[in-house]
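Dear colleague,

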Amino acid sequence: MKKLFLMALLFSAVSLNAQVADSTATNSTTANVAEVSESEVQNKFKADEGSFMAEIGFAPLLSNAVSLNGGMLRGIYVVSEKVELKLGLGFGLSKDVVDNGEEGDEWERNSERVSRFSIAPGFNYTFKGTEKLCPYVGAEVSFALTSNKVYEETNTSSSTLKNENCYNTFGVSGQLGFNYYFVKNLFIGAEIGIGVAAHFERDVKTESENGNSSSSDVIDSDHHQVDFAPLVTPSLRLGWVFN
């Protein structure tokens with residue numbers, strides 16, 4: 001009788017232990033599935049680690065194409081879930097020509113060409129956000145170059161003026177923004193920034209010809225200024241993700 005009782009007790013203990021083990025394994029599997037599912041949901045729309053993103057945008061309240069936001073083209077490499085490296089590019093070219101035509105033996109033609117270029121490397125630190133929303137903070141440094149060329153020509157003389165009121169600009173800025181993925185690998189974004197910029201006026205070069213004589217001159221400039229931007233600089237963007 002005692003043997004039967006001991007065998008029954010041993011069988012009950014083994015059965016209970018197996019049930020506890022199965023329950024623990026089931027809960028662990030369920031937790032892992034839930035974690036994977038949450039991760040898959042988060043990455044359903046957002047860029048994965050190792051992805052490359054390209055953005056194109058504009059700053060609606062800025063009249064100058066060269067600014068601390070690094071221009072309107074930006075490439076971003078997703079290093080990890082939290083860190084992104086970015087490189088902004090900005091450029092522009094404009095030309096204006098005024099031809100007064102010919103009046104007897106006298107005529108005059110004036111033209112001006114202005115070019116702008118900027119480059120801005122930096123990084124973003126992203127937060128978890130939601131399924132489609134990815135907020136971030138960022139920082140970048142920027143360098144901008146502006147140059148112009150004014151050309152005046154008549155039937156008897158010509159002159160060229162380069163880099164009048166043109167600056168080299170170096171700046172440091174911080175940004176706060178977000179990206180919203182309305183479909184997979186396609187997002188819209190908004191960003192505000194604040195920064196400091198130093199402007200260094202470029203040397204002015206002049207060349208002129210009058211009949212058989214010519215002359216040239218370089219006006220050295222030591223003028224510079226430092227600006228602090230206490231107001232936000234808005235930027236709107238459209239971006240694509242390349243996995």
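The notes below set out what was found, beginning with the confidence of the model and ending with individual residues.

Please bear in mind that this is a predicted model. The average pLDDT of the protein is 75, and 68% of the residues score at least 70. Among the elements, strand β2 (residues 73-78) has the highest mean pLDDT, at 92, whereas helix α1 (residues 2-42) has the lowest, at 48. Residues 2-6 stay under 50, and the model gives them zero contacts beyond four places in sequence. The stretch 33-42 is also below 50 in pLDDT, with five contacts beyond near neighbours in sequence. Where pLDDT is low, the predicted coordinates should not be read in detail.

As to the overall architecture, the protein has one helix and 12 strands. Of the contacts between residues at least 6 apart in sequence, 66% join residues at least 24 apart. Buried residues account for 26% of the 243 residues. The protein exposes about 15700 Å², of which carbon and sulfur atoms supply 61%.

The largest nonpolar core consists of nine residues: F45, A47, M53, I76, V78, C134, Y181, F187 and V241. In soluble globular proteins, nonpolar side chains tend to be buried together.

C134 counts as buried because its relative accessibility is 9%, which is under the 20% cut-off. C166 is buried as well, with a relative accessibility of 2%. The count of disulfides in the model is zero.

R237 deserves a separate paragraph. This arginine is found in strand β12 (residues 233-242). Is R237 buried or exposed? R237 is buried, since its relative accessible area is 6%. A polar contact of 2.6 Å joins its side chain to that of N179. Leaving aside neighbours within four places in sequence, the contacts of R237 include E55, R74, Y136, F178, F187 and E191.

Finally, N185 lies in the loop between β7 (167-183) and β8 (186-201). The phi of N185 is near 65 degrees, a positive value in a residue other than glycine. Most residues other than glycine have a negative phi.

Yours sincerely

Definitions and conventions:
Residues numbered from 1 in each chain as written. Predicted model: local features only at pLDDT ≥ 70, side-chain atom pairs only at ≥ 80, totals over all residues. Heavy atoms only, no water. pLDDT = per-residue confidence, 0-100. Helix = DSSP H or I, 4+ residues; strand = E, 2+ residues; numbered from the N terminus. Contact = heavy atoms within 4.5 Å. Core = buried A, V, L, I, M, F, W, Y, C linked by side-chain atoms within 4.5 Å. Buried < 20%, exposed > 50% of the residue type's maximum accessible area, 1.4 Å probe, protein only. Disulfide = S-S within 2.5 Å. Polar contact = N/O pair within 3.5 Å; in protein donor to acceptor, adjacent residues only side chain to side chain. Areas by Shrake-Rupley, 256 points an atom, 1.4 Å probe, with all protein chains shown as cover.
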